[in-house]
Amino acid sequence: MTTFFISDLHLHESRPQITRAFFQFLQTQAKGAEKLFILGDFFDAWIGDDDDAPLNSEVAAELKKLSDTGTSIFLMHGNRDFLLGEKFAEQAGAQIIPEYTTIDLYGEPTLLLHGDSLCTDDAQYIAFRQQVRSPQWQQQVLSQPLAARRALAAQMREKSQAMNSLKAEDIMDVNQAEVINAMKNASVKRMIHGHTHRPAIHTLDIDGKPAERLVLGDWHDKAWAIVAQAGKAELFSWTI
């Protein structure tokens, strides 16, 4: 039995090579897997399940092909695709799971999250996150015409890039105390997340016991995934 984890593909029409690499992954490495978890920022932006962009239906169709073979697919919201809804999930044969989901990964309780909620040193971002995750804000945005939502998504991307260019690198990484608190609250010794674009496996000490935090990379020049089987979980990459 094998389970895969990926995140931060940032799928977008302007990056067709990433879409091709993802489809190839579904047809090769992920083929026959028990489960596939996509931990946020799957799309570079998501403006609603009613978006008629061809990329969205193409991605849903490819995921459904894998789902139809018996692989269970799980989607988690990221900071770019937090409006991803049940309609897309149904088309993709997938299930949306909440952030801070704990799973039994072949006998090892494992906490899953996108990762942006751990970046508490970036107070400006955390305030923005609280705003866009509120049901009232989301309902207001989704009530706007598609054209207005596309313009808003482009505006938010530009603003995010401008803000991040002015921030210190360490402020955009996770807060170690927040990591430990999250793992303690979930009673786990393993955490998997993305968001930071800093792929690595970190060893931790929690109350005198060994623990680990596995961080997925973003898909750019390389694709990144975590593959888990009984007794092990490994981070690997390949050139796109």
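Helices are DSSP runs of H or I with at least four residues, numbered from the N terminus. All views show a predicted model.

**View A. The second largest pocket and its lining.** The pocket holds about 240 Å³ of space. Its lining comprises 14 residues, and those nearest the centre are His12, Glu13, Ala45, Ile47 and Asp51. Two or more lining residues come from each of helix 2 (54-68) and helix 6 (146-165).

**View B. The buried face of helix 7.** Within helix 7 (residues 176-186), the buried residues are Val179, Ala182 and Met183. Viewed down the helix axis, these residues fall within an arc of 95 degrees, so they line one face of helix 7. They pack against strand 6 (108-112), strand 7 (190-193), strand 8 (200-206) and strand 9 (209-215).

**View C. The two ends of helix 7.** At the start, Asn175 places a side-chain oxygen within 3.0 Å of the backbone nitrogen of Ala177. Ser187 follows the helix and has a positive phi, near 55 degrees.

**View D. Phe42 in the largest nonpolar core.** This core has 40 residues, of which Phe22, Phe42, Leu63 and Phe88 touch the most other members. Helix 1 (residues 16-27) supplies the largest share, 6 residues. Leaving aside residues up to four places away in sequence, Phe42 touches Leu9, His10, Leu11, Phe22, Val59, Leu63, Leu75, Asp81 and Phe88. Another core, of 15 residues, lies apart from this one and includes Phe37, Leu105, Leu216 and Ile226.

Definitions and conventions: Residues are numbered from 1 along each chain as its sequence is written. This is a predicted model: local features need pLDDT of at least 70, side-chain atom pairs count only at pLDDT 80 or more; totals for chains, interfaces and linings use all residues. Side-chain values use heavy atoms; hydrogens and water are left out. Buried means under 20% relative accessible area, exposed over 50%, partly exposed in between (1.4 Å probe, protein chains only). The arc is that of the directions from the helix axis to the C-beta atoms. Contact means heavy atoms within 4.5 Å. A polar contact is a pair of N or O atoms within 3.5 Å; within protein, one must be able to donate a hydrogen and the other to accept it, and residues adjacent in sequence count only if both atoms are side-chain atoms. A nonpolar core is a set of buried Ala, Val, Leu, Ile, Met, Phe, Trp, Tyr and Cys residues joined through side-chain atoms within 4.5 Å. On a 1 Å grid over the protein atoms alone, a cavity is a set of points where a 1.4 Å probe fits but cannot get out, and a pocket is an open set with protein on both sides within 12 Å along at least five of seven lines; lining residues have an atom within 4 Å of a point. Grid points are joined across faces, edges and corners, and a volume is the space filled by probe spheres set on the points.
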